Each structure stands twice: as structure tokens, then as C-alpha cells.
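Please keep the sequence and the three-dimensional view open side by side while reading this note, and look up each residue as it is named.

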Amino acid sequence: MHRKTLTELQAGLAAGDFSARELTEHFLKRIQSLDGELNSFITLTPEQALAQADAADQARAAGQAGPLNGLPLAHKDIFCTRGVRTSCGSRMLDNFISPYDATVVERLQAAGAVMLGKTNMDEFAMGSSNETSWYGPVRNPWDTGRVPGGSSGGSAAAVAARLVPAATGTDTGGSIRQPAALTGITGLKPTYGRVSRWGMIAFASSLDQAGPMATSAADCALLLQAMSGHDPRDSTSVNQPVDNYSATLDKPLTGLRIGVPEEFFPATLDDRIASTTRAALAELEKQGATLVSVRLPSVDLSVPAYYVIAPAEASSNLSRFDGVRYGYRCDDPADLEDMYKRSRSEGFGAEVKRRILVGTYALSHGYYDAYYLRAQKVRRLISNDFAAAFDNVDVIMGPTSPEQAFELGAKKDDPVTMYMADVFTIAVNLAGLPALSMPAGMIDGLPVGIQVIGNYFREAQILNVAHRFQQATNWHQKAPSFGETATAKGDA
Amino acid sequence: MALDPQALAGVAHLARLHLDAADSDALTDRLNSILGMVDRLQEADVDAVQPLAHPLDASQPLRPDAVTEQDIRDQVQALAPASEGSCYLVPKVIE
Amino acid sequence: MEKITEWETVIGLEIHVQLSTASKIFSGSSTAVGAEPNSQASLVDLAMPGTLPVLNRGAVEKAILFGLAVNAEICQRSVFERKNYFYPDLPKGYQTTQLEAPIVGPGKVDIQLENGEKKVVRIHHAHLEEDAGKSLHEEFSDAQGRGMSGIDLNRAGTPLIEVVTEPDMRSPEEAVAFARKLHGIVTSLGICDGEMSQGSMRFDVNVSVRRKGDETLGTRTETKNLNSFRFMDAAIRQEVQRQIELIEDGGTVIQETRLYNGDTQASRSMRSKEDANDYRYFPCPDLLPVVVTDADIAALRATLPELPDAREARFIDSYQLSAYDAGLLAGNRFAAAYFETAAQHSGDAKLAANWVIGDISARLNAEDIAIEQCPVSAENLGQLIQRIKDGTVSSKIARQVFDACWQGEGSPDEVIAAKGLKQMSDTGELEKIVDQIIADNAEQVAAYQAAEGGKQKKMFGFFVGQAMKLTQGKANPQQINALLQQKLAP
């Protein structure tokens with residue numbers, strides 16, 4: 001059952017091949033028997049999941065099945081879930097039982113989806129390896145000595161290992177796409193403002209966006225349909241109609257113009273990743289697309305701009321974690337200052353503190369113009385580069401990540417090298433564009449991901465390109481052998 | 001531009017983070033490697049460029065002036081590390 | 001006294017005006033005062049993880065109305081920023097406010113002093129922001145018995161405009177006149193309830209001194225959170241004195257924030273906060289620029305009520321009031337409305353104005369109530385004034401009637417009837433009384449008749465007093481006067 005895509009499971013439920021309860025029990029069993037090694041979940045919610053599954057079965061019997069009725073999924077632990085611990089991967093929120101649901105959670109539940117639990121993540125989404133979580137690192141099911149990427153590493157690993165057919169993620173600088181690439185799954189970061197941020201714990205508010213992670217573009221389309229739409233509780237949520245993402249998946253690619261920026265193929269790029277990406281582009285050409293060389297000259301400065309803007313916003317967003325109204329408070333504070341400083345120092349991990357310090361510094365007196373303001377101007381240049389490119393092309397493509405899954409601990413002591421993992425994804429967040437990562441090859445037994453970037457609100461087009469590619473190839477169907485024997489036992 | 005341990009202490013105070021004296025040098029080095037990378041921003045010619053704060057050129061939606069919230073104190077105050085008599089408790093605030 | 005001419009005082013004000021919206025600036029919580037602590041603190045107000053602000057249209061419109069009332073430019077694209085600092089009553093760890101692009105740009109307010117002098121005070125700008133919660137210091141302690149503060153977040157997120165003036169005021173009188181004028185404007189607009197004792201308007205005063213003729217400004221101090229005109233006046237006087245003495249003793253004024261205590265009438269320097277002064281402002285990424293169109297502004301302008309200046313001019317023109325009286329009445333829209341009703345019902349605007357500015361104001365002040373709660377209605381005041389004019393009661397008896405009305409004993413006519421206070425105007429009856437007075441006081445009559453002009457005039461009062469005594473004040477004074485003049489003539 002776990003080898004089926006969300007789309008197939010949807011059909012199976014509709015045909016009555018199995019019930020939502022059976023499906024939920026199956027995946028819960030898989031998680032319980034296999035996740036010990038992966039550590040992809042922080043919290044499992046079996047009782048709630050079974051209750052939701054039963055409700056889904058009843059709704060179907062009553063002819064009131066929602067579009068995702070009975071489909072199991074997991075939420076990144078950055079989304080607030082009423083009555084369930086919402087930790088954001090941090091000791092700071094280890095005891096935080098959210099009093100409310102995020103809009104994304106609400107919408108997916110309203111569509112009939114069943115939440116199995118909350119997935120592991122880099123603390124406050126700050127990381128590209130899932131090693132900064134208070135709950136320990138997540139392991140990549142393709143090679144458990146390697147990282148799954150981050151920050152949505154728990155969701156990526158769980159989907160890749162087929163512990164859950166789909167999951168939600170969030171992407172501030174590549175946190176959906178980079179782990180999707182490193183674990184061989186499909187993940188989409190929508191246009192900024194397409195999916196509500198209400199109830200999604202903020203890292204960098206002008207960059208954060210939630211999106212789906214699954215094993216195919218078609219599955220992402222299904223989830224994104226339910227997640228998208230205007231939300232009056234989020235001022236940055238866009239009030240414009242949501243396209244029918246599944247309807248245009250099969251559209252032929254004839255006439256499609258694909259921009260290929262030379263900046264995404266630097267001399268330093270691993271040749272094998274470059275050639276894998278070019279092979280994928282060749283496949284799309286075969287389907288009638290035209291490759292067009294484009295320039296994104298300012299994208300070279302996207303990592304420095306991002307590492308000012310994101311930490312600056314984060315330093316302010318994380319000020320609310322002060323030990324007063326919820327979350328961690330240090331023992332026996334001597335006075336108010338001591339309470340603030342110890343609660344925050346003991347509650348936050350090293351990477352979070354580093355970014356708070358960088359952000360505080362970048363906003364502080366005398367540095368604002370040289371750092372923050374300058375970064376915002378560079379952000380404009382980057383956005384202009386994309387706008388100019390999109391005058392001439394429909395989508396822009398390249399590798400998702402300059403490297404494959406690396407070994408646990410390999411970059412732990414070198415934040416700057418770690419930050420370069422997002423060199424191809426970050427510019428998209430700065431511009432607010434939608435982008436998808438999907439597997440396009442295997443090197444040394446590890447997946448390689450490619451990125452499809454679209455113009456604003458062209459999620460349907462990105463999904464169409466990805467789906468056509470996946471119809472012609474089978475990279476997205478490759479699953480790690482992780483857990484095969486254990487599952488056999490479990491099923492027996 | 002670079003941080004020294006003394007400047008770092010000032011920044012840490014602004015952020016209300018406690019720094020271990022023992023870690024201060026190592027942390028200073030790491031932050032300086034980040035700031036060094038970030039310093040590449042100075043290469044850009046941005047004199048005539050308007051800063052971009054939001055990816056989309058949109059304006060703030062306005063909500064009608066109506067009371068829509070209920071009293072949720074009992075539910076949410078259960079999350080507080082310390083509370084008494086309907087108030088959140090903190091070590092004495094001195095003005 | 002020499003010092004006063006030698007030094008010049010320079011005053012600028014920052015005024016926090018709580019906008020009288022039903023809900024908070026960024027959430028749908030009620031802004032009502034007096035609720036149980038934290039019963040009006042929503043997920044947003046508590047800065048729960050993942051929550052986001054949505055701007056209240058009412059707050060924006062009220063800020064724009066203010067801008068229009070002070071002839072200010074309205075910024076068509078204003079931006080909210082975050083002012084970052086840690087304080088337990090500030091749940092997000094930043095205040096959402098405006099800095100670079102405030103909604104209200106430069107404007108001006110005309111003020112008038114008691115001596116009739118007029119002056120313009122320039123408004124630098126006014127910006128929208130959220131109020132903080134409150135720290136309560138009484139009765140809390142931890143397990144070890146150490147003092148704790150309680151945090152109530154009901155006020156957190158109440159919309160404010162902060163009005164910042166140029167340093168245009170040169171005396172406490174000017175500052176208070178401006179403050180009163182501003183109070184009149186915001187209450188006339190209906191954008192603030194003006195309840196200063198509740199903190200609805202809070203004044204910060206920036207004060208510096210310089211030698212007369214100096215071009216540059218002296219170092220200023222900021223005295224915070226003055227919530228009455230009286231405290232403001234006292235705090236400025238005290239601070240000016242302190243600064244002058246400091247400089248004359250060879251010291252220098254340091255730029256600092258001071259706190260005035262109304263109970264002790266003393267100010268003190270607040271714990272040094274220079275380390276916390278780096279607020280790291282930056283545009284709030286959760287809020288988009290607030291765009292206001294010409295059409296929005298025109299629509300709001302059309303709803304502007306009559307403002308104190310226009311009302312003052314109308315009172316001078318229509319009721320022939322003095323500029324000073326008109327200014328006093330026009331400043332408060334409730335007092336103005338009361339006056340106008342009383343003037344219409346009495347047919348005598350001048351008398352109505354005297355009553356409102358005199359007896360009624362004094363009585364309201366003594367009992368610490370607002371004119372909206374005045375127990376004597378404007379209609380009844382009008383009736384009372386009519387009874388004075390038609391001779392039913394004298395001015396003196398009228399005060400007695402007014403007291404009874406204040407106590408809730410009915411309308412003036414009811415009180416006059418019930419208490420038999422109607423003036424005696426029957427000439428025959430009064431003549432009898434005058435005759436009796438002359439008969440009973442032969443000695444005084446003789447002395448009177450022998451006296452010279454000026455002295456005689458004084459002695460005349462005695463006979464009037466006797467007449468009033470005998471009639472319990474009800475005698476018509478004009479008639480009594482005439483009769484006495486006639487009968488006492490030698």
C-alpha cells in the first residue's frame with residue numbers, strides 16, 4: 001500500500017479497495033517500526049489519526065468525501081496543530097501545545113486528510129541538513145549515514161522512505177526543494193502569498209512559504225490545491241483565484257520555452273550533477289520544449305543578501321520567545337534580565353543563536369544601511385533579473401542543489417559552507433517565485449534533483465512540466481531499499 | 001567589517017542572549033566568517049536601486065473594526081511558565 | 001525674577017492618543033477598559049507562535065481624520081516598522097509602529113493664550129502604532145517570596161496615534177494651551193474619548209532651555225506619561241527650573257528620560273537605558289504598505305465634523321461671544337453642544353455662556369464629572385435663564401434653583417413652584433415692606449439722609465438687604481431699589 005502514490009491511494013479509497021482506517025493503520029505501523037532509525041517524526045498522533053480516518057470513512061459512506069478524504073499525511077512541526085505539541089524543532093517549544101490550528105492544517109483537514117504526526121526539522125527551520133533539531137538529526141533513507149537536507153528534512157525523509165505518502169514543508173531559502181532533491185522526492189515552494197502563513201511559525205516572514213512534498217508532481221498538485229487560497233488572517237496572503245492544478249498536468253510541452261541560466265551551471269558545479277540536469281533538459285526538449293540561454297547576473301549575490309535579510313527578520317520574529325507567556329523558561333531566574341537571557345540561551349540551539357546574532361547586528365545602529373538596506377536593494381536586482389528572464393521564457397531550470405546528500409556532521413562546524421547548499425534555491429525566495437524540485441537521476445546510489453522555476457502564480461505550469469517529465473521517466477518512482485525487510489516482517 | 005568579542009557582547013545583550021566567555025572567541029570567528037561572506041554585498045552597484053521589502057507589489061488589506069475575539073485566557077494561560085490571578089508573572093519589573 | 005527674562009524655554013510635545021476603535025489595531029480583540037486582566041488578549045495579542053497582524057480600517061481612518069483636522073499631508077503610502085526591544089508588556093518583543101513613512105505628515109494647530117495672543121504650533125508628523133500591555137506591581141511573589149510583576153495584556157494592541165510637534169512652544173502656558181486644543185480636536189473628531197485619567201491621552205514633554213538670543217537648542221530631557229494638564233504644567237515648570245539651576249551652577253543637562261510622579265510632584269531620571277536605545281527599526285515584513293487614495297481621503301474629509309476653530313468662529317459670529325469665551329466653549333464638543341442648546345432654550349447666549357463657563361464648570365470640576373454627565377440638562381439651564389430674564393427669579397435665587405435641579409428635584413419651573421421661590425413683584429405688597437423697614441430702622445434712615453453721596457450709596461445696601469431678608473430673597477430687586485430710593489428721599 002505504501003508504494004502507491006497519493007493519487008493512487010485516492011482512487012483506491014474511492015473504489016473501496018481499502019478504508020481510511022486501514023490505510024492509516026498501515027502507515028502508522030510503518031512509522032512505528034521504521035522511524036526509530038530515521039528520526040523523521042517528532043510527534044506521532046495515532047489516536048487523533050484514527051479518529052480522523054474513521055470520520056473520513058463515515059464521510060465517504062455519507063457521500064460527503066472531501067477531495068483528500070482519508071489520505072494520510074504528516075505536517076512539518078512548524079505548523080501549529082491544536083492540542084498537539086508544536087515544537088518547531090526547538091527546546092524552546094518542547095512543551096508548547098498549540099491552542100490553534102494553522103490555516104494549512106485546517107484546510108487539509110477540511111479536505112479530509114488524516115494527520116499521522118509532526119515531522120522533524122531544523123530548529124526554527126534554520127539549517128540545510130536537519131542536524132540543528134533539538135530532537136536529533138534526521139537520517140536519509142538512501143544512506144542513513146547521510147543527511148536528508150533541511151530544513152524540512154523530516155518530511156522529506158518520511159516521504160522518501162514511504163512512511164507517509166505526502167507531507168507539508170516550508171521553504172524560506174530552499175527548505176522544501178533542497179531536502180526533496182537530497183531524498184529523491186518532489187517538492188513545491190509556491191509563489192509567496194499563495195499559501196497562508198497563519199499558524200506557520202515564522203522564520204523570515206518575507207521569504208517563508210509552505211508547500212507540498214510527495215513522490216510525484218501529480219500528488220503535489222493534489223495537495224497544493226487544498227493548501228492554496230486567500231486567508232484574511234495573513235495580510236500577505238494573495239486574494240486571487242487558485243488554478244486547477246491537476247487539470248493541466250498532461251498539457252503537451254510543445255512550444256514551451258525553458259530558460260537555462262549559465263549562473264546555475266558554474267565551473268565549480270559537480271560535472272555529474274550538471275550532466276544529469278542537462279539530460280533532463282534534453283528529455284523536455286524531446287517533448288517539444290525549446291531551451292533558451294538566459295542571464296541572472298545578480299543571482300550570484302543571493303546568498304549574501306539572504307544571509308542578511310533572513311537573519312534580520314528572524315532576530316525580530318524570535319524575540320517573542322521570552323519565557324513569559326509560553327515555551328521554555330529557565331529555572332529560578334535571579335531577575336528579569338537573567339530570565340530573558342538564560343531562557344533564550346538555554347531554549348535556543350547554536351545555529352539559531354548565531355542567526356539571531358547576525359540579524360541583530362545587521363539591523364543595529366550604523367550597520368543598517370550597509371547590510372539590511374543594501375541587501376534589500378540587491379533583492380530588487382535579483383527580482384528584476386528574473387522579471388527580465390521571464391519576458392522571454394516560461395520556466396527557468398537548473399540543478400536544485402550543487403551537491404547530493406552529504407554525510408552527517410560533515411559541515412557542522414562550517415556554517416558558510418552549509419549556507420552554500422542553498423545557492424540555487426535562495427534567489428527564488430528573494431524574488432517570491434514558485435519553484436519545484438524533482439528527482440532527475442541517481443549518482444552513486446543517491447538521488448539528484450532538478451529545479452523548475454515559474455513566473456508568479458504559475459504553479460500549474462511548473463507542475464505540468466514536472467508531470468510530463470515524470471510521465472516519460474521513472475526517477476520519481478525510485479525508492480530507497482530502506483526498511484524493505486522490516487516491512488516484510490511487519491506485513492507478515 | 002568584523003565583530004570583536006566586545007562588540008559581540010553588545011549584540012548579544014540586544015538579543016538577550018547569554019554568552020559563555022569560553023565560547024566567545026570561537027563564536028566571534030564563526031560570525032565573522034558569515035559576515036565576511038555577507039560583505040560581498042558591498043560589490044553590488046545599488047545606488048539607484050529601490051529596496052525591495054516584499055516580493056509582491058501589493059498593499060495592506062484592511063479589516064473592519066469589529067470585535068471578533070472571545071476570552072481565551074484560561075485556555076492559553078495554562079501554557080505560561082508562571083501565572084497568578086489572571087496575570088502572567090515575571091521577575092519584578094523595575095522602571 | 002531676572003533669570004526668567006534671561007532664559008528661554010523650548011518645548012516640544014509627543015502625545016499618545018488612544019483611538020476609540022471597538023477592536024485592536026491588529027486583532028479583533030475588544031479595546032474596552034476595565035475588563036479582567038488578560039480577558040481581552042487574543043492569540044495575536046499574546047504573540048502566539050505563527051500568528052499574524054491584520055490592520056484595522058477604523059484605526060487608519062481615525063488617523064487620517066486627525067491628519068485632515070490639523071491640515072496635514074496624508075501619506076498615501078505609509079509603512080509599518082518594527083521597533084525591537086524586550087519588555088514583559090511587549091509580547092512580540094517589538095512594537096509595530098511607523099518611522100520613515102508615517103501616515104500623517106507635517107501639519108499645524110493654532111492656539112490661543114489667555115491674554116488673547118495667538119500662535120501656530122507645527123505638527124512634525126503623527127504615526128499609527130500599537131499600545132503595550134501593563135505591568136502590575138502589587139501583591140505578586142514567587143515561591144521564595146521574591147517580588148514578581150503581573151502582566152496584563154488587555155491594553156496590548158490598542159491603536160494609538162503618536163502626535164509629534166515641532167519644538168514651537170516657549171512656556172508651560174503655551175504647552176498646556178496646545179494640549180487642550182489637541183484634546184478638543186480629537187474629542188470633536190470622536191477619534192479618542194479624551195479620558196486623560198484613564199490614559200487615553202498621554203503627554204511626553206521635551207524641554208530644553210537656552211539663553212535668550214541663542215540660535216541653537218539646548219540639550220533636552222523627555223518627561224514621560226503626563227496624564228493631566230495640571231501635571232504637565234507642573235512638570236514643565238519644575239524641569240525648566242531644574243535645568244536653569246543646573247547650568248547656572250556650572251553643570252550640564254544630560255539627555256535623558258524622566259518620570260514625573262503626580263503624587264509626590266517630583267520627577268526623577270529613569271534607569272539609564274542607553275544600552276536599550278538601539279531599536280533596530282526595519283519594515284515589518286508581516287504588513288504591506290498602507291495605500292490611501294485621493295478618493296479615500298476625499299470621502300473621509302466629507303465626514304469631518306465641525307472642529308474647534310470653526311466652531312469658535314461661529315460662536316463669535318452667531319452668539320457675539322468674546323473670543324476667549326468662544327474658545328473655551330468651542331474646545332470641547334460636549335460643552336459646545338450643551339452651550340448651544342442652553343442658548344437656544346434661553347434666548348440669551350451671553351448668559352448661557354456665563355453659566356456654562358462659570359457655575360456649571362466649577363460644579364463639574366468639584367464633583368469630577370464630565371459635562372455629558374451634568375445632572376442639569378441644557379434644556380433646563382435654558383429654562384432657568386428664561387426665568388431670570390422674565391423676572392420670575394433673581395440671579396441669586398436662580399442659584400438656589402440650580403442647586404435643587406442639580407440634586408434632581410425637578411425642572412426649574414417645578415422647583416420654583418414647589419419651593420415658592422417666585423419673585424415678589426406686587427408693588428403694593430413691596431411698598432408695605434419698604435414702609436415697615438423705614439419704620440423699624442428710624443436711626444439708619446436718619447443717618448442715611450444725613451450722609452454724603454458716596455457714603456449714602458453704601459448705606460443704601462443695608463435697606464436692600466433688609467428687604468431681601470424679609471422676603472427670603474424673593475423681592476424683585478429693581479422694584480425694591482426704586483421704592484427705597486423714592487421713600488428714603490428726604
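This is a predicted model: local features need pLDDT of at least 70, side-chain atom pairs count only at pLDDT 80 or more; totals for chains, interfaces and linings use all residues.

1. How many residues of chain A are in contact with chain B? There are 65 of them, and they meet 51 residues of chain B. The two chains bury about 5,100 Å² between them, and 70% of this area lies on carbon and sulfur atoms. Leu357(A), Tyr361(A) and Arg374(A) supply 14% of the area that chain A buries against chain B, which is more than any other three residues give.

2. Polar groups also take part in this interface, where 18 residue pairs are in polar contact. Two salt bridges are counted between chain A and chain B, and one of them joins the side chains of Glu337(A) and Arg16(B), with a distance of 3.3 Å from N to O.

3. Which helices of chain A supply at least two residues each to the side that touches chain B? They are helix 9 (302-317), helix 10 (336-347), helix 11 (350-363), helix 12 (369-390), helix 13 (415-419) and helix 14 (426-431). Helix 12 of chain A gives the largest share, namely twelve residues. Taken by type, the residues on this side of chain A are 37 nonpolar, twelve polar and 16 charged.

4. In chain C, Lys119(C) belongs to strand 7, which covers residues 118-130. Beyond its neighbours within four places in sequence, Lys119(C) is in contact with several residues, including Val109(C), Ile111(C) and Arg170(C). Its side chain reaches the backbone oxygen of Asp168(C) at 3.0 Å, and the side chain of Lys119(C) also makes a polar contact with the side chain of Glu174(C) at 2.8 Å.

5. The peptide bond between Gly150(A) and Ser151(A) is cis, with omega about 10°. Ser151(A) is placed in the loop between strand 3 (114-119) and helix 5 (153-160) of chain A.

6. Asp444(A), which is not a glycine, has a positive phi near 55°, and it sits in the loop between strand 10 (435-443) and strand 11 (446-454) of chain A. Is Asp444(A) buried or exposed? Asp444(A) counts as exposed because its relative accessibility is 64%, where the cut-off for exposed is over 50%.

7. Gln320(C), again not a glycine, has a positive phi of about 55°, and its place is in the loop between helix 6 (308-319) and helix 7 (323-330) of chain C. With a relative accessible area of 59%, Gln320(C) is exposed.

Terms used:
Residues are numbered from 1 along each chain as its sequence is written. Chains are lettered from A and ligands numbered from 1 in the order in which they are written. Side-chain values use heavy atoms; hydrogens and water are left out. Helices (H or I, at least four residues) and strands (E, at least two) are DSSP runs, numbered from the N terminus. Contact means heavy atoms within 4.5 Å. A polar contact is a pair of N or O atoms within 3.5 Å; within protein, one must be able to donate a hydrogen and the other to accept it, and residues adjacent in sequence count only if both atoms are side-chain atoms. Buried area is the accessible area (1.4 Å probe) that two parts lose on being put together, summed over both. A salt bridge is a side-chain nitrogen of Lys or Arg within 4 Å of a carboxyl oxygen of Asp or Glu. Ala, Val, Leu, Ile, Met, Phe, Trp, Tyr, Cys and Pro count as nonpolar, Asp, Glu, Lys and Arg as charged, and the others, Gly among them, as polar. Buried means under 20% relative accessible area, exposed over 50%, partly exposed in between (1.4 Å probe, protein chains only).
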